[in-house]
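Good morning, colleagues. Please take a moment to look at the structure on the screen, and I shall then go through some of its elements in turn.

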Amino acid sequence: MTDELLILGIETSCDETGVGIVRGHTLLADAVASSVEEHARFGGVVPEVASRAHLEAMVPTIERACETAGVHLYDVDAIAVTSGPGLAGALLVGVAAAKALAIGLGKPIYGVNHLAAHVAVDQLEHGPLPEPCLAMLVSGGHSSLLRVEDVTVGVEPMGATIDDAAGEAFDKVARLLGLPFPGGPHIDREARSGHVTIDFPRGLTSRRDLERHRFDFSFSGLKTAVARWVETQQRDGVTIDVADVAASFQEAVCDVLVRKALDAATDQGIEDLLIGGGVAANSRLRAMATERAAAKGIRVRVPRPGLCTDNGAMVAALGAELVARGRPASALDLPADSSQPITQVVA
């Protein structure tokens, strides 16, 4: 018998109700209920709709995770839950559910940071994290570069988006091109049959920008450039090649992300780059990062696509690491903090 504890993780920061169960670095269950179809007709996530969907999905998703893992709730040793950042109402549902379980089962609760969880989940696939490592987190709400000494305490922000995050830009450009929400997977799919024929701008990469924002990101200008290009073509009666636009836009995003991540890793003397978040599922980003990093002697770790998007497994993985390292649990009155900083791993 293993002496590693059984941890249940709950994720409700946006539109995915995720419940994961891990034992140490072994993933036993990763149950997800998505409300993305309910948001698709609005072209983006509606907070109130997301909150109600979490309420409806919570109990069935917990039951499905336990059934998949072959465990009972009373077998769980600790509860981990995303306490922030994220949508306030959505977070409240998850935190309230975790508190109820902690009280009912008499188990400790850990309110964890969503971004740190995206880092910790890689341990379920590739084992313990190198210390230090450089983590690049790219999603609908975040584009961040983090120096990670110890994912349970030492997460140092190096750079972040100053406007639109990468995933948000994917969604907005997809809408311009008439592609469904969420945009990331559809642009990735279209780009595979397209060619990079348009030289879209790379935000914050000029010499002047690098003096102030060397490791920061900006995708608002890129999104605007795509919109103006599309408008010009439509005005001139030119048929738009969606695949080529998708490939050109995607190339610009990935180029900036990889360029800045490798620059940060080199600057810090770090030889391991971890990529997480929903955009980490993008096939071009994975390929470009691996190719360019190899040329610099930097190793790249990216979880499989299912672990890149929001899920309960990542929360359970961070919870397991907190327990293993003897970090103190959260108080039962822990809040849901929509703006929880990355420097605060545990609420």
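In this predicted model, V138 stands opposite S143 in β7. V138 belongs to strand β6, residues 133-138, and β7 covers residues 143-150. The two strands run antiparallel and are joined by six bridges. Between them lie four residues, and together β6 and β7 form a hairpin.

Strand β6 also pairs with strand β9, residues 272-276. Here the sense is parallel, and the pairing extends over four bridges. Within it, L134 is found opposite L273 of β9.

I turn now to another sheet. Five strands form an open sheet, with mixed pairing, in the order β3-β2-β1-β4-β5. Which strands stand at the edges? They are β3, residues 26-34, and β5, residues 109-113; each has a single partner strand, so one side of each is left without a neighbour in the sheet. On average, neighbouring strands of this sheet are turned by 20° against each other, direction ignored.

Strand β2, residues 16-23, pairs with β3 in the antiparallel sense over eight bridges. E16 has S34 of β3 opposite it.

Two helices lie across strands of this sheet. Helix α2, residues 47-69, lies across β1, β2 and β3, and runs at about 150° to β3. Helix α3, residues 88-105, lies across β1, β4 and β5, and its direction is at about 160° to β4.

My next topic is the aromatic residues. How many aromatic pairs does the structure hold? There are three, and I shall describe two of them. As a reminder, a pair of aromatic rings is described by the distance of the centres and the angle of the planes.

F170 and F249 form an edge-to-face pair, with 5.1 Å from centre to centre and 75° between the planes. F170 lies in helix α6, residues 166-176, and F249 in helix α10, so the pair ties together parts that are 79 residues apart in sequence. F170 counts as buried, at 2% relative accessibility, and F249 is likewise buried, at 0%.

The rings of F217 and F219 have their centres 6.2 Å apart and their planes at 10°, so this pair is stacked. F217 is buried, with a relative accessible area of 0%, and F219 counts as buried at 1% relative accessibility.

Finally, I return to helix α10, which spans residues 242-268 and includes S248. Is S248 buried or exposed? Its relative accessibility is 1%; because buried means under 20%, S248 counts as buried. What does S248 contact, leaving aside its neighbours within four places in sequence? The residues in contact with S248 are H195, V196, T197, I198 and F200.

To close, I would ask you to look again at the two strands that pair with β6, namely β7, antiparallel to it, and β9, parallel to it. Thank you for your attention.

Terms used: Residues numbered from 1 in each chain as written. Predicted model: local features only at pLDDT ≥ 70, side-chain atom pairs only at ≥ 80, totals over all residues. Heavy atoms only, no water. Buried < 20%, exposed > 50% of the residue type's maximum accessible area, 1.4 Å probe, protein only. Contact = heavy atoms within 4.5 Å. Pairing = 2+ DSSP bridges. Axes fitted to C-alpha atoms, helices over the stretch in contact; angles between N-to-C directions. Phe/Tyr/Trp six-rings, centres within 6.5 Å; stacked < 30°, edge-to-face > 60°.
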